[in-house]
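Subject: Handover of a structure

Dear colleague,

Please find below the structure that I am handing over to you. A written account of the findings comes directly after it.

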Number of protein chains: 2
Amino acid sequence: MKIGLLGCGVVGSGVYEIISQNMSPMVEDFEVVKGLVKTPEEKILPYMTNDASEIFDNPEIDTIVEAMGGIHPAYEFITRALNAGKNVVTANKAVVAKHLNEFTTLAEVKGVKFMYEASVGGGVPWIKSLRQAMRIDEVTHIGGVFNGTTNLILSEMEEKGLSFDECLKTAQKMGYAEADPTADIDGIDVRNKLIISTSIAVKKQVQAEEIMTYGIRAIAPCDLKYFKSLNKHVRLYAEAVIEDGKYCCRIEPCLFDVDQPEAGIKLNYNICSLYGKTIGTLKYIGQGAGKLPTANAIVQDLLDIDGGNTALPKLCFGGDAQCGMSMLEGCYYVRYSADVADKLEAAFDGVEKTAVEVEGAKAFVTASIPTISLHDRIESAGVGVMDVFVTRI
Amino acid sequence: MKIGLLGCGVVGSGVYEIISQNMSPMVEDFEVVKGLVKTPEEKILPYMTNDASEIFDNPEIDTIVEAMGGIHPAYEFITRALNAGKNVVTANKAVVAKHLNEFTTLAEVKGVKFMYEASVGGGVPWIKSLRQAMRIDEVTHIGGVFNGTTNLILSEMEEKGLSFDECLKTAQKMGYAEADPTADIDGIDVRNKLIISTSIAVKKQVQAEEIMTYGIRAIAPCDLKYFKSLNKHVRLYAEAVIEDGKYCCRIEPCLFDVDQPEAGIKLNYNICSLYGKTIGTLKYIGQGAGKLPTANAIVQDLLDIDGGNTALPKLCFGGDAQCGMSMLEGCYYVRYSADVADKLEAAFDGVEKTAVEVEGAKAFVTASIPTISLHDRIESAGVGVMDVFVTRI
């Protein structure tokens, strides 16, 4: 297999390392022919080029690994490669979440493979496992703790009693969080992973707007203290339920009992779970980010292309499930500052709830309520984003 | 695919159910042609027979599912099927642990498939995942909580403070433990699963005598109370380490921090884990026993045979790793009755240890010591099996 690598950063160089160092006899016949970098200055190894046509116009290269990230020019490069009759393997969750249907269909038309194991859960063999489970069962539940930055912030807050801002800075220093952490802490990164997973399960391109997405930005030490008193840990949890031709997806902070594996997921580890009627619950834990785990997932895709894994069915889009926003509900912990108590409590008028003691703030726990209704009420209260923090309990 | 089913008990009937009820479009072309039962009285459905030749001599049947359990006549049936040029899928850990090399080699010679996903971890897709990881990494660590009976007993003892005997009776009433629970509580059942997993990793038939195997028979409420004070849970843990051409395997009670997923494994759930250089740690959680999860794993094997999964390499035995019994060590909790204190303490003369407070008994925790040496010392003390209980800590 002759490979053209788009992007020679952390993940790309990991792929190069696994292949060029012959870490496994199975990759002996693989060769990274060319690797694309952005500027002439970045060409630090002989296989590197900053001229994309050296990859796309090279008939020897049969497979493209896209490890650049972002939508552009990844989208253009992937479609160009598929149109040129080259297989594509990508780790890029943003572009896959947006264009999975299009890429899958184009690959099918062109008779090549499009694979994206590394785009969700990094090294966790999740996509393949989900598709394998679907050979027998309809998958009716998907769950996951998918984001290292929030894992780190929440663990640090729990263990050290520090503020969100202090822990965010730690995460940035450790290289976990970006300078602009919005995508991580507001759930956008996780949303891409949930879109991809759910799109596979419902065989339909799920849209970002269909996913209720709430992050951890407003969490405070008093919340963690309360959760600790319940002997629970909080994680940013992504979830999809698929039933009776409808699906519903949400991303929000969620409490787990200490003996649930989700509660113990730390740092760059991810957990992905599914439920099917005959298999029951399956959960997968592994490193969701990092050079070699992510590169490993990419090379696994390359091995499946090379070996001809014909035992997984083609993923045919064309599912007719509809998004049903009110399918999911839960009991919620709602903590708010005394300043906004009047507005917030008015918005929850008529909802069964119990006041709970939280240091320096007001809080209540609701009876089970549809997730969409909870957030509608909070929005209708017209309070600031930082004035209220909500967790499923 | 035309299937002959050997054994129509819990697992066999689950396979029949998934296939005959067309639970998935992918099994539409599968048919269970005949199912073997032991006596004419058991022939309660038209497809059943008590005449094995109706299966083995039927040229229409291309694949045999063995779901009888035990060594005989499963061994004879499996070799007969392979010799007759039929694929074999089995859930039988005992016969696979003993004859994996022989079955794999015979299948290869005969140009048919031999598969056994359900034999370890039931519905957990563990065997395939292990073999997939080995496409890139050498797997240097395997771990697992593999036994529902001991999970149940240990959870019940922890939660209710009851004695081992009382919890064993509960497990028997719930259908988890056999009338003769020896295989479960002394680690024999787990040993079969560890033999199979390790044999795959080292590409060599591992022998039962090579595995240090210790069960939970002597555990008492005072032990659980002490573990609780450490905020840890105890599970019967199977482990193999493979390094520098040597392997070492042990099965013994082991403590886990509450936030490790092993600590939370309950009832019929299993966890299987591996470590490889590039992928790091992967863990899989699912139902290790039960009708439909186990049947699901068997049908997954059938789908791989039918679809032609050519992306997994052949498992070629011929590995030359040697068993190195002293590779594994740990710190141990040793609890014993006052009656045997003199003998036991003399046997641990010269070992660095710290006395710990345990209700109604004596106990100490050792500094790190080779596992084999610890057990040699206990054996040399010449005390009764029920007089001392040991857990890695």
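The notes below begin with conventions and then go through the findings by region.

This is a predicted model, in which local features need pLDDT of at least 70 and side-chain atom pairs count only at pLDDT 80 or more, whereas totals for chains, interfaces and linings use all residues. Residues are numbered from 1 along each chain as its sequence is written, and chains are lettered from A and ligands numbered from 1 in the order in which they are written. Helices (H or I, at least four residues) and strands (E, at least two) are DSSP runs, numbered from the N terminus.

The sheet of chain A

Chain A holds an open sheet of 6 strands in the order β3-β2-β1-β4-β5-β6, with parallel pairing; two strands pair if DSSP finds at least two bridges between them. β3 (48–49) and β6 (114–115) of chain A each have a single partner strand and stand at the edges, so one side of each has no neighbour in the sheet. Strand β2 (residues 31–36) of chain A is joined to β3(A) by 2 bridges, and the two run parallel. Within this pair, A:Gly35 stands opposite A:Met48.

Helix α1 (residues 10–20) of chain A lies across β1 (2–6), β2 and β4 (63–66), at about 160° to β2(A). α11(A) lies across β4, β5 (87–90) and β6 of chain A, at about 155° to β5(A). Such angles run from 0 to 180 degrees between N-to-C directions, and axes are lines fitted to C-alpha atoms, for helices over the stretch in contact.

A helix pair

The axes of helix α5 (residues 126–133) and helix α9 (residues 188–202) of chain A come within 10 Å and cross at roughly 20°. That makes α5(A) roughly parallel to α9(A) (angles under 35 degrees count as roughly parallel, over 145 as roughly antiparallel, 65 to 115 as roughly perpendicular and the rest as oblique). A:Ile127, A:Leu130 and A:Arg131 of α5(A) make the contact with A:Ser197, A:Ile200 and A:Ala201 of α9(A), where contact requires C-beta atoms, placed from the backbone, within 7 Å.

Where the chains meet

In chain A, 41 residues are in contact with 41 residues of chain B. α5, β12 (280–287) and α11 (291–307) of chain A each supply at least two residues of the side that touches chain B, and α11(A) gives the most, with 9 residues. β12(A) and strand β12 (residues 280–287) of chain B run antiparallel and are joined by 3 bridges. The bridge partner of A:Tyr284 in β12(B) is B:Tyr284.

β12(B) is also joined to β11(B), by 8 antiparallel bridges, and these two strands form a hairpin with 3 residues between them. In strand β11 (residues 269–276) of chain B, 7 of the 8 residues are buried, so this strand is largely enclosed by the rest of the structure. A residue is buried if 20 or more other C-beta atoms lie within 10 Å of its own, exposed if 12 or fewer, and partly exposed in between, with C-beta atoms placed from the backbone.

Backbone details

The peptide bond from A:His72 to A:Pro73 is cis, with omega near 5°, and A:Pro73 lies in the loop between β4 and α3 (74–83) of chain A. A:Asp244 is not a glycine, yet has a positive phi of about 50°. A:Asp244 counts as exposed, with 9 C-beta neighbours inside 10 Å.

Yours sincerely

Methods
Two residues are in contact if their C-beta atoms, placed from the backbone, lie within 7 Å.
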